[in-house]
Amino acid sequence: MKTNNLGYPRIGSNRELKKASELYWAGKISADELIATGKEIRSKNWHLQASAGVDLIPSNDFSFYDQVLDLTLTVGAIPARYHELAKNNSALDLYFAMARGSQKEGQDVVAMEMTKWFDTNYHYIVPEFTKNQKFELFSEKIINEFKEANAIGIKTKPVLIGPVSYLLLGKEKEEGFHRIELIDALLPVYFEILEKLQAENAEYIQLDEPFLALNLTDKERNTFTSVYNEINIRFPKLKIVLANYFDCFGENLETALALPVDTFHLDLVRCPLQLDDILESGKLASNANLSLGVVDGRNIWKNDFKKSLEIIKKAVDALGESRILVAPSCSLIHSPCDLDLETNDETLTPEIKQWLAFAKQKINEIVILKQLSASNEIDVKNSIDYERNVIANENRKTSKLIHNNEVKARVAGITVSDDQRKSAFSVRRKSQIEALKLPLFPTTTIGSFPQTAEVRSWRAKFKKGELSTEEYNDLIEKETEATIRFQEETGIDVLVHGEFERNDMVEYFGEQLSGFTFTKNGWVQSYGSRCVKPPVIYGDVSRPTPMTVKWSKYAQSLTPKWVKGMLTGPVTILQWSFVRNDQPRSETCTQIALAIRDEVVDLEKAGIKIIQIDEPAIREGLPLRKEEWAKYLDWAVRAFRISASGVNDDTQIHTHMCYSEFNDIIQNIADMDADVITIECSRSQMELLDAFANFKYPNEIGPGVYDIHSPRVPSSQEMVKLLEKASAVIPVDQLWVNPDCGLKTRHWDETKKALIEMVNAAQEMRTAVENPVS
């Protein structure tokens, strides 16, 4: 029996990659220094896994920004707008320009589109394909990192996104073809990569094909068959590990099992029943192995050894020990690095900490499971590791920290009226127009303003006791007032307070809700250098006291303009937390919805007439298989409506969504019944608005007119062009003008310039509507 890891966190245990990347972008360290940081992280990761006893250690799971963008550069699928830049810049700077855009020394190129990696909060850079797309081996990163590991005495298993999934992850940038038709042009580059790895004596190659967990067409399934047959013919000695995760193979099972690969990886956390399906089908080749993903790669709860050993035993009994690999369910990129770094008992109590496992601990879990699987029943029960695991899991089941009967009773008592606004949108809109008196193309931002190092230092000092509550509040008040004054001077119509008191849009709320706890170093990568520290939901959720009313009320007192109350919605809090796995997610989400509802009602009582409940994760939470969508969307939409429906007609409810495709769920978004929705549209050049236009979305829409994930500052004319595209498909009296996301990660200089340009664009559009050219 072997152990198999699919991928390890690449940010570094202390976020070394984030810090080095941002220093490089700021021009404060050299490319060589950044590259050296990457090399050190890789070395530590490989040594950690080797020391733990992992048999199949991944390489090429490291990335300076995103693994999909890495592959785009590897196969030379570089969009035409970067070709000139590629001539005069290093491959590293070309790479970052594709990820972030570039606006320096005469260069002005927009970034590539970004969207969610399946149903996770990780964002990937979307490949762009044309009908006559050319591919070539442009980067040998995967070969170089395999050789790098060899040089320090560690033989690795190179990891590569499979060719079919890579094409399906992308987007056609012109009409007249489907991207899957590019497979014949792409495959020669894959063959070249495999030839080079084989020449370096690679034994195992992991090809990630997560699209095998989705609903596929016959053409796509046939493509999988032809591709893997061709790989097998050309490389019969390579041991291909075909990795599928996040769900079952479903109706793709027969196609998958017929593929001539060495090992099939199964996500048995998301889909435990598929092992029975495979074993009972009789269609697994006699020489094929199974990698059992029994350790949860996406959550932080300690593995239940008793359950996992039962699964492993079932597979061993059917296939024999030598055909089984023990693994996490997916790459550990979605897990924090190391629970050993959690040394503050006030942040994470010892009782809760004993229930958890981060990436380093999960590596140990798969090794221990392999060892226990080889032991007899008596030795297993006498094992200290097994005994500790059983005690921790039993403690969690019986802990008094978890259950709150009042919360459970409130959820059980929800009625139909609790998820309905008092009037239909057409009636509410009239009340809101009269109450708010906003102009055409009203301008606003999504909520947060730049969190400078100085602002973050205040929060750190306050938490350490180096600033008193009075001193800290005084600093936040001054920063809030300065931001209100800037927005007034700029001419923004609906203001925000800037959120300087907040660390993260989910963590901030979790800190004030019962049933949540927090880590000190539980960081995971969201995109690029952006890392988040998800809260841990361990028990029933409630809101003991108001969470945002103080700062919203203070900001509104500073100005006669409307200031939005800013909240994070229940589905997003759920999705962006590590969620308890001992009850249905829908139950936890409804508990959160009631807590947010209480906050919305209190904001209205405090005089806040516009309240934004952000739900960027509602599309992300969709199950991968369409037949399971309806059940999820029913409870997710209902949770949002519960959170938003306690207010009067003239209180305007906004929501925000970003980096998602909406076509398939546009009716469900309409069912959320928010008065205004703001969405990301700039990177797609308003393509995402088509879904709302075709549907004839009845409520108001703010299509983001500039990309806040790029440092470049677009001109007002660039934004006008996007607004003209929007007004061609959406009535002008429904359109808002805003950035595509919050401004927390941007610098003040570029933020001010961009918002001035945005207001100018809105004013130009108003003038054009009021004085149309005859």
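The largest cavity holds about 530 Å³ of space. A cavity here is a set of points, on a 1 Å grid over the protein atoms alone, where a 1.4 Å probe fits but cannot get out, and lining residues have an atom within 4 Å of a point. Grid points are joined across faces, edges and corners, and the volume is the space filled by probe spheres set on the points. Bear in mind that this is a predicted model, in which local features need pLDDT of at least 70, side-chain atom pairs count only at pLDDT 80 or more, and totals for chains, interfaces and linings use all residues. Residues are numbered from 1 along each chain as its sequence is written, and side-chain values use heavy atoms, with hydrogens and water left out.

What surrounds that space? The lining of the largest cavity has 35 residues, and Met505, Arg530, Trp576, Cys741 and Gly742 lie nearest the centre. Its lining residues comprise 16 nonpolar, 12 polar and 7 charged, where Ala, Val, Leu, Ile, Met, Phe, Trp, Tyr, Cys and Pro count as nonpolar, Asp, Glu, Lys and Arg as charged, and the others, Gly among them, as polar. At least two lining residues come from each of strand S15 (524-527), strand S16 (530-532) and strand S19 (565-568), with S19 giving the largest share, 3 residues. Strands (E, at least two residues) and helices (H or I, at least four) are DSSP runs, numbered from the N terminus.

S15 and S16 run antiparallel and are joined by 3 bridges; strands count as paired if DSSP finds at least two bridges between them. Within this pair, valine 524 stands opposite valine 532 in S16. The hairpin has 2 residues between its strands, and glycine 528 takes a positive phi near 50°.

S19 leads us on to an open sheet of 5 strands, ordered S19-S21-S22-S23-S24 with parallel pairing. S19 and strand S24 (700-703) stand at the edges with a single partner strand each, so one side of each has no neighbour in the sheet. Neighbouring strands of this sheet are turned by 20° against each other on average, direction ignored; the axes are lines fitted to C-alpha atoms, and angles run from 0 to 180 degrees between N-to-C directions. At the S24 end, strand S23 (residues 676-679) pairs with S24 in the parallel sense over 4 bridges, and threonine 678 stands opposite glycine 702 in S24.

S19 also meets a helix. Val549, Trp551, Ser552, Tyr554, Ala555 and Gln556 of helix H22 (residues 549-557) are buried, that is, under 20% relative accessible area, with exposed meaning over 50% and partly exposed in between (1.4 Å probe, protein chains only). The buried residues of H22 pack against S19, strand S18 (562-563), helix H20 (469-490), helix H21 (507-510) and helix H24 (585-605), with contact meaning heavy atoms within 4.5 Å.

By class, the lining of the second largest cavity has 11 nonpolar, 5 polar and 4 charged residues.

Methods
1 Å grid on protein atoms, 1.4 Å probe; cavity = no way out; pocket = protein on both sides within 12 Å on 5 of 7 lines; lining within 4 Å.
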